[in-house]
Every structure is written in C-alpha cells, then in structure tokens.
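The following exercises treat the packing and local geometry of one protein chain. Each task is followed by a solution in steps.

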Amino acid sequence: KTPKHSHNFLEFNYMLDGECHQIVNGHDIHLKKGELLLMDNNSSHEVKALSKNDILINIIFPNEKFDLDWLLKINNQDSSIFTFLMQDFSERSIGEFIVFKSHCSNDVPIILEHILNNYFTNTIFSNETLRFYIPILLMELIGNTDYTISGNHFPKSQNQTIVKCLRLIELEYDTITLDKLALKLSYNKNYLSNLIKDKTSHTFTELLNEHRLKQA
C-alpha cells in the first residue's frame with residue numbers, strides 16, 4: 001500500500017496488467033488493464049496494495065513547471081484539430097485528475113510501448129522522440145477514448161462533429177462552403193454554424209479563411 005500523499009508534479013499511471021484501487025482527491029478510482037490516470041499538480045492519492053500480477057507504471061514529470069497546461073503546449077501545432085481538442089480539454093481539466101478509458105484502444109498500448117522502450121533503452125534521440133510521443137498519446141486519448149474528469153464523464157463522440165468539420169476544412173479548403181459542409185454531415189446549416197461557433201469560438205468563415213492563409 002502507498003499511503004496518501006500529494007506532489008507538485010504531473011503524473012501518469014498506466015495499468016499495464018491487472019487492476020488497482022486508488023483514492024484520488026477523495027474519489028474512488030478502480031483502474032483496469034489498459035486504462036490510464038493523469039493527475040495534475042497538487043493532486044493527492046493513495047494506492048491500495050497490488051497483487052503480484054498487477055503491473056502499474058508511473059510516468060512522472062518531476063519539475064514544478066511541468067503541469068497540465070505545460071503538457072498541452074509542448075507541441076506547437078498548426079493543426080486546427082489539435083488546437084481545438086487541446087483547448088477544449090484544457091479548459092475543463094487544469095488542476096484535476098483524468099481517467100482515460102483506453103482499454104478499448106488498439107493504439108494507446110502501442111504508443112505507450114514505444115514511450116517505455118525509448119525511455120529504458122536510452123538510444124540516440126530518445127529524449128527528442130519522447131517529446132513527440134507525448135502529444136501523439138494525448139491526441140489519441142482525448143480524440144478516441146471516453147474519459148472522466150474528476151468524476152464527470154466525457155464521451156469521445158462529444159467532439160466528433162467538430163473534428164469532422166475541421167478535417168473537411170483542412171482537406172477541402174479550396175471548395176468547401178457552409179452549405180456543402182452541412183450537406184456532407186447531414187446537419188441543418190444554421191445549427192451547424194452555431195455549433196461551430198459555440199465549440200471553437202470562431203465562425204465557419206473565420207476557420208476557413210485562417211486555414212486558407214496558412215496554405216498560402
């Protein structure tokens with residue numbers, strides 16, 4: 001058993017095999033094989049004793065400046081999809097803990113295996129490679145898994161419509177219009193326009209013009 005404690009650094013807990021019971025900020029968490037727990041600075045938790053077949057892996061960033069806000073900004077992306085997912089996620093989760101239901105993902109275990117291999121083998125460019133893998137892991141977790149933030153559930157389908165909109169803008173920026181976009185996604189044009197504005201804080205035209213400028 002690991003007694004209750006808190007720390008001033010960012011921590012991932014990845015359940016490689018088996019399961020574990022933790023109490024995080026007063027919440028009971030049962031982490032199952034393939035699931036991942038992310039705790040921001042100043043979270044407190046205790047871990048109940050594991051059995052000999054339970055394998056829990058800690059990935060920590062032992063520096064005060066490494067918090068969730070830092071993690072979301074370490075990769076300066078031009079992708080509007082990356083920006084949208086990171087900002088939307090960041091607004092809800094700074095200072096909280098997040099449980100990713102990643103046990104159904106085929107890609108998360110592969111990404112984490114690469115991260116662990118790079119860390120433990122310490123090959124040339126290991127640190128640089130790890131820096132690229134962290135945003136990839138976050139994109140997969142936020143975009144393609146269900147997750148809970150301090151007990152509040154957020155299904156992966158919540159952002160899928162906006163992600164589809166942004167993807168079509170990126171792919172068809174030279175010909176796409178709001179009418180065509182609404183038709184492709186089977187939405188009312190006015191509803192889709194309001195949804196885009198509500199979720200991204202930008203109008204369809206603003207997003208389209210911004211991407212056209214990037215391409216130019």
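H5 and H7 are roughly perpendicular to each other, a term used for angles of 65 to 115 degrees. The model is predicted: local features need pLDDT of at least 70 and side-chain atom pairs pLDDT 80 or more, while totals for chains, interfaces and linings use all residues. Residues are numbered from 1 along each chain as its sequence is written, and side-chain values use heavy atoms, with hydrogens and water left out.

**Exercise 1. Describe how H5 and H7 pack, and state which residues make the contact.**

Step 1. Two packed helices are described by the angle between their axes and the distance between the axes. Axes are lines fitted to C-alpha atoms, for helices over the stretch in contact, and angles run from 0 to 180 degrees between N-to-C directions.

Step 2. For H5 and H7 the angle is about 100°, and the axes are 10 Å apart.

Step 3. H5 contributes Thr161, Ile162 and Cys165 to the contact, and H7 contributes Leu192, Leu195, Ile196, Lys199 and Thr200; contact means heavy atoms within 4.5 Å.

Step 4. By type, the residues of this contact are five nonpolar, two polar and one charged. Here Ala, Val, Leu, Ile, Met, Phe, Trp, Tyr, Cys and Pro count as nonpolar, Asp, Glu, Lys and Arg as charged, and the others, Gly among them, as polar.

**Exercise 2. Determine which residues of helix H6 are buried and how they are arranged around the helix axis.**

Step 1. Helices (H or I, at least four residues) and strands (E, at least two) are DSSP runs, numbered from the N terminus. H6 covers residues 178-185.

Step 2. Buried means under 20% relative accessible area, exposed over 50%, and partly exposed in between (1.4 Å probe, protein chains only). In H6, Leu178, Leu181, Ala182 and Leu185 are buried.

Step 3. Seen down the axis of H6, these buried residues fall within an arc of 95°, so they line one face of the helix. The arc is that of the directions from the helix axis to the C-beta atoms.

Step 4. The buried residues of H6 pack against helix H5 (160-171), helix H7 (189-200) and helix H8 (204-215).

**Exercise 3. Find the setting of Gln22 and the partners of its side chain.**

Step 1. Gln22 belongs to strand S3, residues 19-24.

Step 2. Gln22 counts as buried because its relative accessibility is 1%.

Step 3. The Gln22 side chain makes a polar contact with the side chain of Asn13 at 2.8 Å. A polar contact is a pair of N or O atoms within 3.5 Å; within protein, one must be able to donate a hydrogen and the other to accept it, and residues adjacent in sequence count only if both atoms are side-chain atoms.

Step 4. The side chain of Gln22 also makes a polar contact with the side chain of His45, at 2.8 Å.

**Exercise 4. Is Phe125 buried or exposed, and what is its phi?**

Step 1. Most residues other than glycine have a negative phi. Phe125 is not a glycine, yet its phi is positive, about 70°.

Step 2. Phe125 lies in the loop between helix H3 (107-121) and helix H4 (126-144).

Step 3. With 58% relative accessibility, Phe125 counts as exposed.

**Exercise 5. Locate Ser201 and state its phi.**

Step 1. Ser201 is in the loop between H7 and H8.

Step 2. Although Ser201 is not a glycine, it has a positive phi of about 65°.

Step 3. At 53% relative accessibility, Ser201 counts as exposed.

Definitions and conventions:
Angles under 35 degrees count as roughly parallel, over 145 as roughly antiparallel, 65 to 115 as roughly perpendicular and the rest as oblique.
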